[in-house]
Amino acid sequence: VVTLVPRYASRRSDGSVFIPNESFLMGGFAAAGHDAVQSPLLFQGGNTMAVRDPATGERILLIGEAEVYRNTSLGLSAPEAIEAFRVEFGVDRVVVLPAVSFHIDFELTVRAISGRLVAFVNDSPAAVRIILECGLRALEQHEVVSETDARAAREHLAGGRNIEFINAVAGALRARTVGQGRYPLSLAGVFSAGSADSGVGSFQRFLLAIDLLASWSVDRASLPAERHAAAYVRSFHRRDAGRARLYKMLSDAGFKVVGVPSLSEGENGINYINGVHDRTRYLMPAYGGLYAPLDQAAERAFLGAFGADVRVVPVMCAETQQRGGAVHCAVSVYPR
């Protein structure tokens with residue numbers, strides 16, 4: 001077993017910023033008695049995922065399109081870069097996926113189940129509904145929203161009346177603002193379910209869930225008149241289209257695609273896809289606190305597909321998620 005390391009350690013996708021300390025760290029593998037092979041290619045680990053099809057034995061490399069572009073900047077053509085990755089990773093074919101999130105490990109995790117590759121992906125609408133339900137409950141408990149208004153909002157959400165739900169909640173939030181788009185820390189505290197639960201982080205996720213719900217309620221013909229607001233909504237529409245394309249590509253490549261209530265939104269997301277598998281377990285990122293019901297819904301979705309032989313082990317990492325990472329971003333797993 002060896003570790004394949006890139007040409008140099010880098011950060012970001014719009015410049016591949018050189019990270020000297022992590023590049024020198026690669027030499028530490030040898031000092032620790034572990035073999036490392038330095039590739040001439042430039043890549044980031046979260047954007048490459050090699051899997052084996054149990055039905056055919058074929059090895060497939062799933063790779064984010066940014067990794068192809070990184071290497072065209074080094075002088076390769078796109079087909080040459082793809083072939084080089086195929087050789088370097090020892091796979092039979094390469095599937096290049098669109099850049100929906102920063103890395104593909106925020107958009108899918110793969111497991112062989114009953115002789116078939118299953119790709120677990122984000123079900124954003126399901127996650128948004130649960131986040132809004134949890135947030136509304138907190139607003140009602142702290143009397144930011146009256147019991148009557150909360151009941152009406154809950155009925156709107158259950159009935160798919162998105163704009164009516166937003167209007168029922170937005171008025172109460174606007175009444176607490178201390179300037180355009182600014183809220184007091186006391187309001188964020190409403191969204192904390194304990195000392196380990198960041199009220200600010202939970203409130204940001206609630207506001208984002210409202211924005212997402214709004215974006216799904218307008219089409220191109222009914223975008224906001226204000227150009228910045230319109231651009232903001234269009235950005236959600238573009239990402240939704242990219243995500244639909246990603247799911248179709250996985251399906252066309254032979255994967256069964258299973259949705260999990262999960263939100264890939266960088267530092268404002270709650271992501272259950274960025275986990276780690278072993279033979280009998282899935283180490284699932286968990287958020288806890290106010291959004292513990294979302295943890296439970298994600299766990300049920302995984303267990304429903306895994307069957308009785310695989311356990312889900314929640315790993316609390318809310319603070320890491322607030323910095324744009326989770327379990328798969330933090331650890332590597334080797335066969336023993």
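Select N162 and you have found a buried residue, with a relative accessible area of 18%; buried means under 20%, exposed over 50% and partly exposed in between, using a 1.4 Å probe and protein chains only. Before moving on, note that this is a predicted model, in which local features need pLDDT of at least 70 and side-chain atom pairs count only at pLDDT 80 or more, while totals for chains, interfaces and linings use all residues. Residues are numbered from 1 along each chain as its sequence is written, and side-chain values use heavy atoms, with hydrogens and water left out.

**Around N162**

N162 lies in helix α6. Helices (H or I, at least four residues) and strands (E, at least two) are DSSP runs, numbered from the N terminus. Not counting residues up to four places away in sequence, N162 touches L213 and S217; contact means heavy atoms within 4.5 Å.

**The second largest pocket**

Which of them gives the most? That is α6, with 6 residues. The volume of this pocket is about 650 Å³.

How is such a space found? On a 1 Å grid over the protein atoms alone, a pocket is an open set of points with protein on both sides within 12 Å along at least five of seven lines, whereas a cavity is a set of points where a 1.4 Å probe fits but cannot get out; lining residues have an atom within 4 Å of a point. Grid points are joined across faces, edges and corners, and the volume is the space filled by probe spheres set on the points.

Next, select L139, Y291 and F302. These have the most contacts inside the largest nonpolar core, which has 54 residues. Helix α4 (residues 124–141) supplies the largest share of this core, 9 residues. A nonpolar core is a set of buried Ala, Val, Leu, Ile, Met, Phe, Trp, Tyr and Cys residues joined through side-chain atoms within 4.5 Å.

Zoom in on L139. Leaving aside neighbours within four places in sequence, L139 is in contact with V144, V145, V169, L173, L187, V190, F191 and F206. Then look for a second, separate core of 18 residues, with L62, V95, L117 and A119 among them.

**The sheet β5-β6-β7**

Now show the strands. An open sheet of 3 strands runs in the order β5-β6-β7, with mixed pairing; two strands pair if DSSP finds at least two bridges between them. At the edges are β5 (48–52) and β7 (93–97), each pairing on one side only. From one strand to the next, the twist averages 20°.

Strands β5 and β6 (residues 59–64) run antiparallel and are joined by 5 bridges. Select V51 to see I60 of β6 standing opposite.

Two helices come next. Helix α2 (residues 65–72) lies across β5, β6 and β7, running at about 75° to β6. Helix α3 (residues 78–88) packs on the sheet and touches β6 and β7, its direction making about 125° with that of β7. Axes are lines fitted to C-alpha atoms, for helices over the stretch in contact, and angles run from 0 to 180 degrees between N-to-C directions.

Which residues of α2 are buried? They are A66, E67, V68, R70 and N71, and they pack against β2 (10–11), β5, β6, α3 and β7.

Move to strand β8 (residues 108–113), where 5 of the 6 residues are buried. β8 pairs with strand β9 (residues 116–123) in the antiparallel sense over 6 bridges; R111, for example, has V118 of β9 as its bridge partner. The hairpin has 2 residues between the strands, and S114 takes a positive phi near 50°.

**The sheet β11-β12-β13**

Another open sheet of 3 strands has the order β11-β12-β13, again with mixed pairing. β11 (276–277) and β13 (311–316) each have a single partner strand, so one side of each is left without a neighbour in the sheet. Strand β12 (residues 281–286) runs parallel to β13, joined by 6 bridges, and P285 has V315 in β13 as its bridge partner. Helix α10 (residues 292–306) packs on this sheet, touching β11, β12 and β13, and its direction makes about 160° with that of β12.

**Last stop: C329**

Finish in helix α12 (residues 327–330), where C329 is found. C329 is partly exposed, with a relative accessible area of 40%. Leaving aside neighbours within four places in sequence, its contacts are D105, F106 and N274.
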